[in-house]
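Here is a briefing on a ligand site and one residue beside it. Please view the sequence and structure first.

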Amino acid sequence: MLTKRLSALDGNYKQNIEEAAKILKNGGTVAIPTETVYGLAASAYINSAVDNIFKAKGRPQDNPLIVHISNMEMLKAVTSSVPEKAFLCAERFWPGPLTMVLPKDEKIASNVCCGLKSVGVRMPADKVARDIIDLAGPLAAPSANLSGRPSPTTAQHVIDDIDGRIDAVVISNDCNVGVESTVVTFCTNPPRLLRPGAVTVEMLAEIVPDILIDPAVLSEPKKGEKVASPGMKYKHYAPNAEVYLVEGNIDTFCNFVNGKQDCLAVCFDEDLDKININKVGYGTKKDQITLAQNLFSVLREVDGFGLKTVYVHAPDKDGVGLAVYNRLIRAAAFRVISL
Ligand code: TXA
Ligand code: MG
């Protein structure tokens, strides 16, 4: 199929946003910008449209989608109940990069949540996304990458992955956050962090002091183990090259990679000079927001070097660093080297 380009950056903004919404209401699939990553959207009420998301991405059938809303009325429409703490989080963090897993309303298309009784809901901050949702209603949208690839943080990434497989792509600015939203389930007591993101555990703990971190955030789920968030069991974000995540200080990291043949080092910008093999920086160690912004673009660039092995210097695990670390251990298929 021909994938229509709809620009959110030129004088035809209103017309193009209306066209995107019309395609969605008619059961089509449209890639849209959000502040985290680009999403591949379809109406949360149209089963066949949601099916086409799974097909376009090659997504496993047991990995549920997040429903995107633009106001609190829509939250009521897509859920069957909302606990007090979730309301407080909505008040504090929405619109923004937080997804809350809540009891689901039965009108949501059954394939959105893959048979679960819960639904992940998020109100994005991106203006373009919200203008489209205002017109089209609640949208189911996973990241707009081919399943297994790094999530798209630019319209070009979306085109590289799924051009010709979806009805339209809304062309907008690069995503500001760069990693997907924080996912917290309120269907357990206490609530549990399923995926770290730019709304950090430290920030959440101010409202939900007893929040637990699901073990799958930092380590590989055991074979056969039931995971709270189905997306966490898959290898993800992965270049074709074999990625290793390397933990250690700059000296041990340099000693480890220097002189290695056919390898690429992904390191902090300030350490580029100390490394004598192929290398690329992903930002400054202390600036975790920039590390998150650059992460997926760098993982997409890695294969351009044509090398077999990639060693990534691990970030600190506090703040937004936890989200970067969580994505990197999956890109590395849980191969972690501690020096
Ligand atoms: O920032 C984001 O969240 C982006 C943008 C487009 O909004 N979306 C995104 O969607 O990252 P996706 O499908 O790539 O990741 C959704 C994650 C998966 O790990 C999935 O398993 C989990 O959320 N999830 C969704 N619904 C769930 C539910 N009802 N219970 C548990 N986990 C759920
Ligand atoms: Mg994804």
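**Shell of ligand 1**
By class, twelve nonpolar, ten polar and four charged residues make up the shell around ligand 1. (Ala, Val, Leu, Ile, Met, Phe, Trp, Tyr, Cys and Pro count as nonpolar, Asp, Glu, Lys and Arg as charged, and the others, Gly among them, as polar.) The model is predicted: local features need pLDDT of at least 70, side-chain atom pairs count only at pLDDT 80 or more, and totals for chains, interfaces and linings use all residues. Residues are numbered from 1 along each chain as written, chains are lettered from A and ligands numbered from 1 in written order, and side-chain values use heavy atoms, without hydrogens and water.

- S6 gives the largest share, four residues.

**Polar contacts of ligand 1** (pairs of N or O atoms within 3.5 Å)
- A polar side-chain atom of His68 lies 2.6 Å from a ligand 1 oxygen.
- For the side chain of Arg59, the distance from an N or O atom to an oxygen of ligand 1 is 2.8 Å.
- For the side chain of Arg195, it is 3.0 Å.
- The protein covers 97% of the 680 Å² of accessible area that ligand 1 has on its own (Shrake-Rupley method, 1.4 Å probe).

**His68**
- His68 sits in strand S4.
- A polar atom of the His68 side chain lies 3.3 Å from the backbone oxygen of Ile66.

Methods:
Polar contact = N/O pair within 3.5 Å; in protein donor to acceptor, adjacent residues only side chain to side chain. Helix = DSSP H or I, 4+ residues; strand = E, 2+ residues; numbered from the N terminus.
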